[in-house]
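Hi,

Here is the structure I said I would pass on.

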Amino acid sequence: MSYQDFINDTKSSIVKHGRSITLAPHSHAYTIGMAHANLPDVIITAPLRPETMQVILNWVCDKLVDGTFKAGLNSEYIENFNVFIAPCTENMADFHAEYVAQADVYYQRAEMVSTKGFLQVVFPDSNGNFPWDNEYGGMTQPLFVLKYQN
């Protein structure tokens, strides 16, 4: 797919759904286009099924759009299961090059100098421990969140 095809497909999805979701199966997924509504995009770096990542990303984005989003520790997204959602660090070269390069391309081509940042959804292990906890024994998920406390 050419960059122009990517831009056209992304624009079409944003017009239809308010965002586009880019999936890298078994690696990560993120939204593109939330900056058009002056909102951050959202990323998941846990190796989940693509369908699962898409549902969670749409849920978080819907909460951002309707104004009911809550950062930090949250069990609203998955019943009886806490996730942690927080802003990602900014100006992190590895993050942009390895994880959200297509968002950067889209926003540059759409003549938007930058996004409104990203929120990361972080998942605990089966015992409720997060990757920054010493007891964590879950899946590998690169972390880009600014702070790890609620």
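Before the notes, one term: I call a residue buried under 20% relative accessible area, exposed over 50% and partly exposed in between, using a 1.4 Å probe and protein chains only. Also, helices (H or I, at least four residues) and strands (E, at least two) are DSSP runs, numbered from the N terminus. This is a predicted model, so local features need pLDDT of at least 70 and side-chain atom pairs count only at pLDDT 80 or more, while totals for chains, interfaces and linings use all residues. Residues are numbered from 1 along each chain as its sequence is written, and side-chain values use heavy atoms, with hydrogens and water left out.

I'd start with strand 2. Both of its faces are covered: His28, Tyr30 and Ile32 are buried on one side, and Ala29 and Thr31 on the other. Strands count as paired if DSSP finds at least two bridges between them. Strand 1 (residues 20–24) runs antiparallel to strand 2, joined by five bridges, and Ser20 has Ile32 as its bridge partner. Strand 3 is antiparallel to strand 2 as well, with two bridges; here Tyr30 is partnered by Ile43.

Taking contact as heavy atoms within 4.5 Å, and leaving aside neighbours within four places in sequence, Thr31 is in contact with residues including Leu57, Cys61 and Phe118.

What about the loop between strand 2 and strand 3? Asn38 lies there, with phi near 65°, a positive value in a residue other than glycine. Most residues other than glycine have a negative phi. Asn38 counts as exposed because its relative accessibility is 54%.

Finally, the nonpolar cores, meaning sets of buried Ala, Val, Leu, Ile, Met, Phe, Trp, Tyr and Cys residues joined through side-chain atoms within 4.5 Å. The largest has 18 residues, and Val42 and Leu64 are among those with the most contacts inside it. Helix 2 supplies the largest share, six residues. A second, separate core has 17 residues, including Ala35, Ile43, Phe95 and Tyr99.

Cheers
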